[in-house]
Amino acid sequence: MIIKETDFGTPKSEATQMVTLEIDGHSITVPEGTSIMRAAMELGTKIPKLCATDSLNSFGSCRLCLVEIEGRKGTPASCTTPVAAGIKVKTQSDRLGNLRKGVMELYISDHPLDCLTCAANGDCELQDMAGAVGLRDVRYGYDGDNHVSAKREGVGENFRFKEKDESNPYFTFDPAKCIVCSRCVRACEEVQGTFALTIDGRGFASHVSAGMDEGFMASECVSCGACVQACPTATLTEKSVIKKGQPEHSVVTTCAYCGVGCSFKAEMKGDDVIRMVPYKDGGANEGHSCVKGRFAWGYATHKDRVTKPMIRTRITDPWKEVGWEEAIAHAAGGFKSIQRKYGRGSIGGITSSRCTNEEVYVVQKMIRSAFQNNNVDTCARVCHSPTGYGLSKTFGTSAGTQNFKSVEKADVILIIGANPTDGHPVFASRMKKRIRAGAKLIVADPRKTDSVRSPHIEASFHLPLRPGTNVAIVNALSHVILTEGLENKAFIAERCDTVEFSRWTNFIRDPKNSPEALEAETGVSAEDVRGAARLFATGGNGAIYYGLGVTEHSQGSTMVMGMANLAMLTGNIGREGVGVNPLRGQNNVQGACDMGSFPHELPGYRHISDNVVRDLFNKVWNTTLDSEPGLRIPNMLSAAVDGTFKGIFIQGEDIAQSDPNTNHVTAALEAMEMVVVQDLFLNETAAFAHVFFPGTSFLEKDGTFTNAERRINRVRQVKAPMQGKHEWQVVAELAQAMGYDMKYNNAAEIMDEIALVTPTFAGVSFKKIEEMGSVQWPCNEKAPNGTPMMHVDGFVRGKGRFMITEYVPTPERANRDFPLILTTGRILSQYNVGAQTRRTENSSWHPEDVLEIHPHDAELRGIADGDMVSLTSRIGGTTLRALITERMPQGVIYTTFHHPVTGANVITTEYSDWATNCPEYKVTAVQVRPSNQPSEWQKDWETREEENKRVAAE
Amino acid sequence: MESKDMVRMANQIATFFKSYGAEEGTKEIATHINNFWEPRMRSHFFDFVAKGNTGFDPLVLAAVSMIRKPADHATQQGDLPKHGEES
């Protein structure tokens, strides 16, 4: 069955005042401001409509939804007419019927009559309405002025006719089928906030125009799919539907891209995905999507997918395909012989933020119980580990404080080191909607990102700080607020530890933290910093959103604490519209951390040295846990180079591409005797592996992902695993082969065990999620339905703790040899190492990584736009194409790491966050020069790509 | 791990906790290292301290007595998981 959410026609009214009216003789009570159309739908009465849908504000253009109201003149449109107390509405009469039929007749007189062969056949609101109003003939005929046919009899070339636009790789735009209802234009504006579409021309000449009538691909369109979803006809249709026809059943599941964790309906034919449609009842996205989740899922069936286990003795040997049993035995044998030779601590593993909670949980359990050490870490090490450390020090728990919906109540939004329009697009759309409605925006970022200025969005303050000076900026903000007496004294007195606060006060008041004193260091005008501080402190609800531009620094953890200080200082914690909100990178990075993936803590963030906690796990897991913390990823790699770490199990993470100082990573991998990779593709890391376990895509998984809001969403299996086994099954079998008894019948059983051992998950089960749609942890006896907002009446740690956050410049500084600072990030169409998105049409937008450089820095070096340039740091060098742009400040350059050949991480250094070892990706001193050949590393990469990924013929 | 990296990491920790004064600062440094440094990192640390010429921040050296000495475990030949060789 296809899941279809009810369309109420117009958005829900948030009013609390209720109004009672009568519709067709039935009484109904709805919130004030509700449209008559919506009120009728709540009664189950579908008033005919074309231009209305409840994701968009009412518009009143199609004139189909007319009604009669007793005592009022005319026939008002029910979508634009709000309810009023005591009115009596009629939704059907002869007069209304005739009016509607007349309107439909006009629409159909300018619409092709190819319903049988039309891609929207079976999913067309125009067709439905023609049926609903009882249209039987069209008196005007079809030969008059129209947009339908290329040639008209007796006229010749029809100047109104426009060819179908097929430029977008995922959907087509057929102007001949357009009824100019403006739903696409409004979706682009209201839902997505890109304003790429408009209605051009007037009267009968009105038509939808992408950009300056230049076609979708050439326009500003970001391919989020909101217009396609809003279109009531076949005008905007997914190419997959055109090719394969309408889906016949759907399953609600969760996107496997970023940490927003959007809910989608996988619309299927058999086990073939026809399209992914954002689910309106999804808590994180409420019906919106981006180009990745909506369209870029084709990688799941890409020809590069490996579906058979493979082994080899040396990494230069070709891969040999084998059965599961042999592959698992080979891996277990290797690990066991390493442990015999080098001890129990000589092996370890990495869990994946792309896998489900259940899959992650079993991997860390295998490492702690079967390997019997704590050498387990996860990709969060290299992204949000400082968030965990910083927030738990100050607030007592390491996760974000709000749900995404909270942004609707924010008055001042402070974005630091995040680029939500590219990295977290669906959240960005919600945020932009709030900004268009009047919220103020402060952006602290070296680059002039789209958030700083884009259509109908403009930051009140852009603080273009030098990479590495975050802590200086956040201290300066707090300094201004405190010295100008703008702090929230009542909140601090009631909610925070006052002894710590007075200690912190002495520190932050020091003139060295003033914006004037730090101006030379940060490069940001003191006046702007003061302005931003005053706005944040006095502008109403202040909400902080941040990304890896905060965490991936030598002072990442310090910065997280600095932001927590700022939030407490201004009383912006514990209610809607405020908070400290990490925008998490990967789909399940929150979950991977929750599941005990860090070497020092068990599921639920409890330290491994805690005897009581260890006893509990020893009992449930039937094991004896080591009480010492294990190695973190960078420590594992160092230990490998030192010769004490010899084997690793890597679940869905590509450290050879994503981790810093690539040469060091690959040297470590080469030093190991048993590298096991579980992944969809032979990724960069697999070039150094001895065993390859084929993994499952999100469409084949059964389990849960936890997004940045702590929201546990179900990932439902829509098709059978292509390689025949669930990933958790493979892991359990490997544990068995290592001599530890681990067995589960299904993913729900694993979640039950997680709930048993983790107090914050005590109330979580698949059944609970089924009932509620999703649930936000903590979910237990105290909060049986989960916790959308944290720290409401008090902090998890009791009193909030202000931490002293001294600014310390990173040792990585620009110098004569390396005068520029390189910072890294991502773009909208690609995701992380690109393993998924590069295997989709998303590469049409971003076929290669480019180096963004300011015109002045380029000019100085004789670099023209589009030139190949060599990029070198003290660590290594690579070659890529330059893009000259004033988005960059002078002295700072930027690139992404979506394509392996770029080798962006060949450049990045060994420096890391003081508390968590999270690498300092965001600051590398570099030089750029024109170049005409690939770097040495790139030449080696080409060879390895060829050699190390060979599979032997059968 | 290269010794210079280990020294840098220890000093980075000291730099943060320095703000809390000598007494509290040293305690925090020790706790941090005990909580997050795997035994072989701590062994490396102690070996290096024992050599004398270190480059450590004085606060790190002040914390040495509170840092847990790792038992020689886990990286020794024959130190195996307790669930035994074969199942």
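A salt bridge here is a side-chain nitrogen of Lys or Arg within 4 Å of a carboxyl oxygen of Asp or Glu. The model shown in every view is predicted.

**View 1. Salt bridges between chain A and chain B.** By that rule, five salt bridges cross the interface of chain A and chain B. One pairs Glu628(A) with Arg68(B). The closest N and O atoms of Glu628(A) and Arg68(B) are 2.9 Å apart. Side chains of opposite charge can pair when their charged atoms come close. Polar contacts between chain A and chain B amount to 12 residue pairs, with both residues at pLDDT 80 or more.

**View 2. The side of chain A that touches chain B.** Six helices of chain A are drawn on this side: H8 (324-342), H9, H10 (385-394), H15 (498-509), H19 (556-569) and H22 (633-642) each give two or more residues. H8(A) supplies the largest share, five residues. By residue class, this side of chain A holds 18 nonpolar, 19 polar and 15 charged residues.

**View 3. Extent of the interface.** Here 52 residues of chain A contact 40 residues of chain B. The two chains bury about 3700 Å² between them. Carbon and sulfur atoms carry 49% of that area.

**View 4. Packing of helices H9 and H25 in chain A.** Two packed helices are described by the angle between their axes and the distance between the axes. For H9(A) (residues 357-370) and H25(A) (residues 727-737), the angle is about 10° and the axes lie 9 Å apart. Angles under 35 degrees count as roughly parallel, so H9(A) and H25(A) are roughly parallel to each other. H9(A) brings Glu359(A), Val362(A), Val363(A), Met366(A) and Ala370(A) to the contact. H25(A) brings Glu727(A), Trp728(A), Val731(A), Leu734(A) and Ala735(A). Eight of the contact residues are nonpolar, none is polar and two are charged. H9(A) also gives two or more residues to the side of chain A that touches chain B.

**View 5. A salt bridge between two strands of chain A.** Arg275(A) pairs with Glu238(A). Their closest N and O atoms are 3.0 Å apart. Arg275(A) sits in strand S13 (residues 272-278) and Glu238(A) in strand S10 (residues 236-238). The pair links distant parts of the chain, 37 residues apart. Over all chains, the whole structure holds 70 salt bridges.

**View 6. Backbone details in two loops of chain A.** The peptide bond from Trp777(A) to Pro778(A) is cis, with omega near 0°. Pro778(A) lies in the loop between strand S32 (774-776) and strand S33 (820-825). Asp213(A) is not a glycine, yet has a positive phi of about 55°. Its loop runs between strand S9 (207-210) and helix H5 (226-230).

Methods:
Residues are numbered from 1 along each chain as its sequence is written. Chains are lettered from A and ligands numbered from 1 in the order in which they are written. Side-chain values use heavy atoms; hydrogens and water are left out. Axes are lines fitted to C-alpha atoms, for helices over the stretch in contact, and angles run from 0 to 180 degrees between N-to-C directions. Helices (H or I, at least four residues) and strands (E, at least two) are DSSP runs, numbered from the N terminus. Angles under 35 degrees count as roughly parallel, over 145 as roughly antiparallel, 65 to 115 as roughly perpendicular and the rest as oblique. Contact means heavy atoms within 4.5 Å. Ala, Val, Leu, Ile, Met, Phe, Trp, Tyr, Cys and Pro count as nonpolar, Asp, Glu, Lys and Arg as charged, and the others, Gly among them, as polar. Buried area is the accessible area (1.4 Å probe) that two parts lose on being put together, summed over both. A polar contact is a pair of N or O atoms within 3.5 Å; within protein, one must be able to donate a hydrogen and the other to accept it, and residues adjacent in sequence count only if both atoms are side-chain atoms.
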